Amino acid sequence: MSALPAPAAAPQWHRVHPLTPVVKGWLAMLVIAGAVVNILLDDFLNAFLGRGDAVPPQDFDPARMGAIFWWALAGIVVVVLLVFAAAVLVSWWFTRYQVTPEHVRIRSGVLFRQERQARLDRVQAIDIHRPFLPRLLGLAELKFEVADAGQSAVSLSYLTHPQARALRGELLGRLGLAGPGPGPSAPPPGAPVRRPAPWAVTGDQERPVLAVPVPRLIGSVLASGSAVALAVLLAAAPVALLVDPRTGPAMLAAWLPGLVSFGAISYRRVEQGHHFRLLRVPEGMRVRYGLFDVRSQTVPAGRIQAVGVDQPLLWRPFGWYRVRVNVAGYGPAAGESDAMRSTLLPVGTLPQVHQVLHLALPGARDGDLAALLREGLHGLGGQGRFTTSPRRARWLDPLVHRRTGFAATGDVLAVRSGRLSRRTAVLPHEKTQSVAVSQGPLERALRLADVHLHSTPGPVTVAVPHLDAGDARALAAAQAVHAAGARRLADGPSHAQTPRQETA
Amino acid sequence: MPERSAHGPVGGPGAGTPGDRVPLSNPAIDPEGLAWTRVSPRHLTVVVLSTLLSTLFWLAALGWPAVLAATGVWAGAPLGLLLLPPAAALAAGLLSVLLAPRRVRAIGYAERGEDLLVRRGLLYQRVTVIPYGRMQYVDVSVSPLQRSFGLATVKLHTAAVGSHAEIPGVEHAEASRLRERLTARGEALLAGL
């Protein structure tokens with residue numbers, strides 16, 4: 001714990017772990033070494049094979065004429081590697097970080113000094129990421145998610161894993177993400193201000209909530225539309241060969257990219273979802289997943305903006321569901337590799353979904369939520385609590401109009417959609433960013449309107465298309481009032497500004 | 001709202017020229033009893049000018065083969081066929097110019113106690129409600145064409161991507177008043193994420 005900042009008023013600058021350059025540079029070193037070996041081997045083999053088997057290796061021309069040449073080459077390689085290593089070492093030497101009561105700062109660069117900082121009261125989440133090689137060496141990366149940037153603004157790489165955990169625990173406690181804690185305002189110099197918060201004392205208390213068994217994960221990947229499409233293609237292959245032996249192989253070759261990409265996607269899903277665990281921590285929830293790259297993310301309950309539960313068509317016989325969330329500060333997922341970031345449950349049963357919902361929406365009444373979710377996932381038509389599109393919407397939306405609908409309780413708004421793949425989004429009233437009502441010409445003729453509820457970027461979108469115009473207007477008006485009312489109540493612990501104003 | 005700009009409310013008395021038959025206040029999506037503030041009438045000039053400019057650009061971009069054919073440089077070219085793309089560009093430009101007055105009149109905004117409403121669109125109409133406490137920042141931008149008419153565009157950003165609300169064609173004084181007022185209201189009602 002030596003690298004932890006002292007609680008004194010003058011925060012120190014720390015260096016990241018000395019093994020960092022090795023970890024960061026290993027790939028480049030490997031590439032260089034690989035290229036050199038490849039060239040040497042190539043020349044060697046060419047010369048060897050060109051001369052035939054009978055000639056011993058010492059005899060062939062390039063080696064003999066170029067004894068000096070080879071030494072020079074080896075020397076160049078060594079020099080390049082040394083320069084590279086020196087550069088990496090120097091960059092490590094000049095990379096320092098500092099954790100003050102208000103900021104996390106990273107200074108780097110030798111000629112071009114760069115300083116990046118993240119204001120702690122703007123930090124939305126602190127995640128620990130453990131790629132494969134650093135994990136072998138007991139290292140971890142600490143990532144700070146900032147609200148406005150949309151991507152990780154600052155990341156400390158690498159610290160030892162206990163260091164990273166301790167620093168995260170301390171910062172999360174100081175941020176007050178778990179409740180009203182000591183404010184992040186600057187203490188008067190020299191004064192011992194930081195009283196230990198209760199969650200800091202209890203430390204990294206994790207209580208396991210659920211885990212996804214690997215067979216179920218693999219099953220969920222296999223029970224997807226692309227897997228079925230692939231199976232059909234594979235089954236069609238012999239038929240194609242039988243029908244036309246000449247074009248058959250060409251068709252197979254055309255399918256190959258699909259096969260490869262499906263394999264890659266499936267592999268990534270299994271690799272990322274492997275040993276997925278959801279843990280309960282004082283700040284909220286923590287997910288941990290991954291086979292080689294183990295990632296650990298803490299999602300403070302107050303930062304969850306919207307929860308989406310969905311069930312693809314093929315998961316229906318198994319009773320599987322997926323839960324994803326919009327988290328403030330995470331931004332849109334940058335492709336498949338990031339998709340797990342916003343996933344609280346990659347595949348699970350309905351009771352598990354209830355568990356997750358209960359944790360993700362601590363403000364909502366539980367029994368109410370379960371009934372709402374059941375209706376949201378399986379309901380059809382206007383009976384029950386959901387208000388659906390009127391019958392005349394069938395002209396615009398023949399299949400789904402009986403499913404699209406919304407239901408509002410005192411705390412949350414639930415929106416359901418999808419006939420084949422069922423989806424339900426649950427949005428706490430106080431998390432609505434803005435509301436829009438829109439109407440196109442056809443909708444105008446049918447007296448329909450769409451309502452869009454804007455949430456922070458993420459996998460969950462909350463929109464109710466083709467509502468009766470009156471319903472739509474009422475929903476938008478009610479949502480505006482709800483949001484305004486709930487906002488005043490909810491401006492408590494989840495709001496970084498409040499404790500600061502209190503202590504100032 | 002005490003500080004409403006001098007322009008009449010959307011759809012209210014004097015909202016449009018006589019004979020304007022488009023109901024600018026759509027009872028289906030507009031909140032009841034709300035008086036919209038309209039953007040500056042000079043915004044129409046800006047829209048028409050920029051439409052003409054872009055039409056000219058498209059005419060030039062799509063029309064040069066026809067010019068070559070007509071002047072005989074490109075002998076044997078199907079002139080009738082080559083005239084089609086520039087004609088389409090011209091038609092689209094003319095349609096936009098014709099629709100511009102009504103489109104501009106369909107833009108409105110309203111400040112309420114807790115939120116700001118922005119309305120856009122003629123064929124596809126949209127009313128966006130943005131609570132003041134949700135605004136992350138307010139942008140005021142001025143394009144060269146707008147500058148020569150003393151207008152600006154006020155853009156509101158929340159943490160959500162979907163709620164990009166834009167009020168184009170606001171007079172400079174009104175734009176800075178809006179910015180100050182929105183910022184002040186936003187700070188007073190600031191809500192955490």
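Analyst: Buried means under 20% relative accessible area, exposed over 50%, and partly exposed in between (1.4 Å probe, protein chains only). This is a predicted model in which local features need pLDDT of at least 70 and side-chain atom pairs count only at pLDDT 80 or more, whereas totals for chains, interfaces and linings use all residues. Residues are numbered from 1 along each chain as its sequence is written, chains are lettered from A and ligands numbered from 1 in the order written, and side-chain values use heavy atoms, without hydrogens and water.

User: Is B:Glu166 buried, partly exposed or exposed?

Analyst: B:Glu166 forms a salt bridge with B:Arg120, the closest N and O atoms being 3.9 Å apart; a salt bridge requires a side-chain nitrogen of Lys or Arg within 4 Å of a carboxyl oxygen of Asp or Glu. This pair links strand β7 (residues 165-171) to strand β3 (residues 115-120) of chain B, strands being DSSP runs of E of at least two residues and helices runs of H or I of at least four, numbered from the N terminus. Because its relative accessible area is 27%, B:Glu166 is partly exposed.

User: Which residues are linked with B:Glu111 in a network of salt bridges?

Analyst: B:Glu111 pairs with B:Arg177 at 2.9 Å between the closest N and O atoms. B:Glu111 lies in strand β2 and B:Arg177 in helix α4 of chain B, 66 residues apart. B:Glu111 is buried at 7% relative accessible area, while B:Arg177 is partly exposed at 23%. The network links B:Glu111 with B:Glu174, B:Arg177 and B:Arg181.
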